[in-house]
Amino acid sequence: MAWSAEQYVKFEDERTRPARDLAAQVPLAAATRAYDLGCGPGNSTELLAERFGASNVVGLDSDDDMLAAARKRLPGTMFLKADLNDWAPAAPADLLYANAVFQWVPNHLAALARLMDHLRPGGVLAVQMPDNLSEPSHTLMEETGAAGPWAGAFAGGRIRRPPLPPPAAYFDALMGKSVRVDVWHTIYYHPLASAPAIVEWVKATGLRPYLEAAGPAHAEAFTADYTARIAKAYPPMTDGRVLLRFPRLFLIAVKA
């Protein structure tokens with residue numbers, strides 16, 4: 001199932017907040033080679049372009065729809081199609097910035113350590129990843145996957161992405177190449193209109209592989225089952241809205 005830039009930007013303000021928080025912690029006054037890895041529709045790239053200049057930033061993504069949206073949004077910035085499993089910049093970078101992408105990269109600890117070799121001394125690796133697999137928004141995907149005629153597609157939990165390693169693993173992977181590594185968690189609380197709004201949120205990201213595995217014939221029933229479970233797990237507040245709890249892991253590494 002392809003990514004959808006239109007679906008992703010339905011919650012652009014909420015999705016851009018951690019991107020903004022990550023950028024705020026980048027200890028660089030200037031950058032002439034800054035890369036937005038997994039740029040999506042360009043909302044995170046826009047933050048870097050405003051700070052470092054549009055011509056000094058390159059956005060990378062593996063999805064054509066996301067790249068088309070990013071190019072439309074920022075015509076003065078270069079965007080390239082790339083696979084982060086093996087991509088490297090042509091020359092040492094000042095900044096490798098990755099907002100909510102490396103959770104999708106297999107063995108991303110090794111990938112991050114490899115990318116450190118492509119920073120100039122004093123260059124920065126800045127990464128943010130959702131750390132929400134234990135939240136109802138994601139555990140209920142597994143429950144729905146096991147509950148219907150589509151259950152065979154989910155046997156053995158093969159759809160679920162691996163959980164993030166513990167914070168110490170990032171220090172172990174990066175400290176040998178860094179003068180400074182910072183790792184922290186931030187928990188965001190997003191008030192959304194309703195339980196179906198939570199479903200719309202995750203349709204752009206975590207729910208995608210589940211709907212793909214269930215198949216087009218079951219997509220509507222799978223979504224209905226999941227929505228009912230979400231409605232029970234996220235009761236309305238006094239104003240009728242629901243509160244989506246969303247933990248995220250951040251790291252900053254400065255190249256030795």
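1. Contact here means heavy atoms within 4.5 Å. The model is predicted. With that in mind, take Leu-192. Leaving out residues up to four places away in sequence, Leu-192 touches Phe-11, Glu-14, Ala-197, Ile-198, Trp-201, Arg-241, Val-242 and Leu-244.

2. Where does Leu-192 lie? Its place is in strand β6, which covers residues 178–192. Leu-192 counts as buried because its relative accessible area is 3%, and the cut-off for buried is under 20%. Gly-240 is 48 residues from Leu-192 in sequence, yet the two C-alpha atoms are 9.3 Å apart in space.

3. Next, the strand pairing. Strand β2 (residues 57–61) runs parallel to strand β3 (residues 78–81), and four bridges join the two.

4. Now the nonpolar cores. The largest has 43 residues. Which of them touch the most other members? They are Leu-95, Tyr-97 and Leu-207. A second core is separate and has 30 residues, including Leu-84, Leu-96, Leu-112 and Val-127. In soluble globular proteins, nonpolar side chains tend to be buried together.

5. Setting aside neighbours within four places in sequence, Tyr-97 is in contact with Ala-19, Arg-20, Leu-22 and Ala-23, among others. Its contacts also include Tyr-35, Asp-36 and Leu-37. Ser-44, Leu-47, Leu-48 and Ala-126 are on the list too.

Conventions:
Residues numbered from 1 in each chain as written. Predicted model: local features only at pLDDT ≥ 70, side-chain atom pairs only at ≥ 80, totals over all residues. Heavy atoms only, no water. Pairing = 2+ DSSP bridges. Core = buried A, V, L, I, M, F, W, Y, C linked by side-chain atoms within 4.5 Å. Buried < 20%, exposed > 50% of the residue type's maximum accessible area, 1.4 Å probe, protein only.
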